Amino acid sequence: MLHKTLNIRGTLTSLETPLVMGILNITPDSFYADSRKQTEAAIEERIQTILSEGGQIIDIGGYSSRPDAVEVSPEEEMSRLAFALKILNAHYPDTPLSVDTFRADVARRCVEEYGVAIVNDISGGELDREMFDTVARLHVPYIMMHMRGTPQTMQQHTDYADMMEEIMLYFAAKVRRLRLLGVNDIILDPGFGFSKTVDQNYALMSHLREFGEFGLPLLVGVSRKSMIYKFLGGTPADSLNGTTVLNTFALMNGADILRVHDVRAAVEAVKIVNQLKQ
């Protein structure tokens, strides 16, 4: 069986063992308050935590994509990202970085000026029509997520006739466009919590294995999201156990990358699931 790989900064990375991507959130208004890091000391501490707990990729975001998030200008987003990227480049130059942005020019600057290795676009190219061409020119892996609308309006767009069919067709069309542009490394993210109700998120998770039809790496990001705490009760702060349960299910059903706040718990889930598959 051929295992999926990613070309990360010229190095072919195997996904035979799923990767853990640690979230470095430099916004002041992310849905999970404990994840917000805005000072140099807080950013340094978060980086060290991700790496010491076994995270292989750091995903850095300067624009909160929670429902009803406040709009942030491209200049402000880039300023936030540059502040953290300078710290990462100075002290952790060998760590693979992913930038969480839907803006093509922000992605370009992060890759060209700061050596970011992966572009993570929550809009799948819908919010900036230059994104696909930009990623093709940059020759970096591209994480393409499913979402309808914008972060401000997405929860008004949950009226699917057949959710899974629509998402699969959405990815099929976009993968074709990217392939024609010469993009080789495409990662699919089904978009848990984006344009989906709580019940729809669980239906999506139950059909996760269907994304294997694409033969592409699959990223799952459910960390402390509302599909957990709105279902079980509580808040994002209470949602680590639910996150681990869903991450474990995802790993057993085809997930290749887990995007998480709690790196150690995800790394342990990967180890245990891999042991079960021996």
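This is a predicted model: local features need pLDDT of at least 70, side-chain atom pairs count only at pLDDT 80 or more; totals for chains, interfaces and linings use all residues.
## Helix packing and aromatic pairs

Phenylalanine 132 and tyrosine 142 are both buried.

A second aromatic pair, between phenylalanine 171 and phenylalanine 211, is edge-to-face, with 6.0 Å from centre to centre and 75° between the planes. This pair, too, links distant parts of the chain: phenylalanine 171 sits in helix α5 (residues 163-180), while phenylalanine 211 sits in the loop between α6 (198-206) and β9 (219-220), 40 residues apart. Phenylalanine 171 has a relative accessible area of 0% and is therefore buried, and phenylalanine 211, at 1% relative accessibility, counts as buried as well. Ring pairs join Tyr170, Phe171, Phe211 and Phe214 into a cluster.

A search of the whole structure finds six aromatic pairs. For the pair of phenylalanine 132 and tyrosine 142, the ring centres lie 5.7 Å apart and the planes stand at 75°, an angle that falls in the range over 60 degrees, so this pair is edge-to-face.

The buried residues of α4 are Met131, Phe132, Thr134, Val135, Ala136 and Leu138, and what covers them includes α3, β6 (118-121), β7 and α5. After α4 comes histidine 139, whose phi is positive, near 55°.

Helix α3 (residues 104-114) and helix α4 (residues 131-138) pack at an angle of about 15°, with their axes 9 Å apart. Because angles under 35 degrees count as roughly parallel, α3 is roughly parallel to α4. The crossing of the two helices is right-handed. On the α3 side the contact involves Ala104, Ala107, Arg108, Val111 and Glu112, which meet Met131, Thr134 and Leu138 of α4. Sorted by class, the residues of this contact between α3 and α4 are five nonpolar, one polar and two charged.

Another helix pair is formed by α1 (residues 40-52) and α2, which pack at an angle of about 55°, with their axes 10 Å apart. This angle means that α1 is oblique to α2, and α1 passes α2 in a right-handed crossing. From α1, Glu40, Ile43, Glu44 and Ile47 meet Phe83, Ala84, Ile87, Leu88 and His91 in α2. The residues of the contact of α1 with α2 comprise six nonpolar, one polar and two charged.

The loop between β4 (57-61) and α2 (74-91) contains glycine 62. At 0% relative accessibility, glycine 62 counts as buried, because buried means under 20% relative accessible area. Leaving aside residues up to four places away in sequence, glycine 62 touches Ile26, Thr27, Val72, Glu77, Arg80, Leu81 and Asp100. Glycine 62 and leucine 169, by contrast, are 107 residues apart in sequence and 30 Å apart in space, C-alpha to C-alpha.

How values were computed: Residues are numbered from 1 along each chain as its sequence is written. Side-chain values use heavy atoms; hydrogens and water are left out. Axes are lines fitted to C-alpha atoms, for helices over the stretch in contact, and angles run from 0 to 180 degrees between N-to-C directions. Helices (H or I, at least four residues) and strands (E, at least two) are DSSP runs, numbered from the N terminus. Angles under 35 degrees count as roughly parallel, over 145 as roughly antiparallel, 65 to 115 as roughly perpendicular and the rest as oblique. A crossing is left-handed if the near helix is turned anticlockwise from the far one by less than a right angle, and right-handed if clockwise. Contact means heavy atoms within 4.5 Å. Ala, Val, Leu, Ile, Met, Phe, Trp, Tyr, Cys and Pro count as nonpolar, Asp, Glu, Lys and Arg as charged, and the others, Gly among them, as polar. Rings of Phe, Tyr and Trp (its six-membered ring) pair if their centres lie within 6.5 Å; planes under 30 degrees apart count as stacked, over 60 as edge-to-face and the rest as tilted. Buried means under 20% relative accessible area, exposed over 50%, partly exposed in between (1.4 Å probe, protein chains only).
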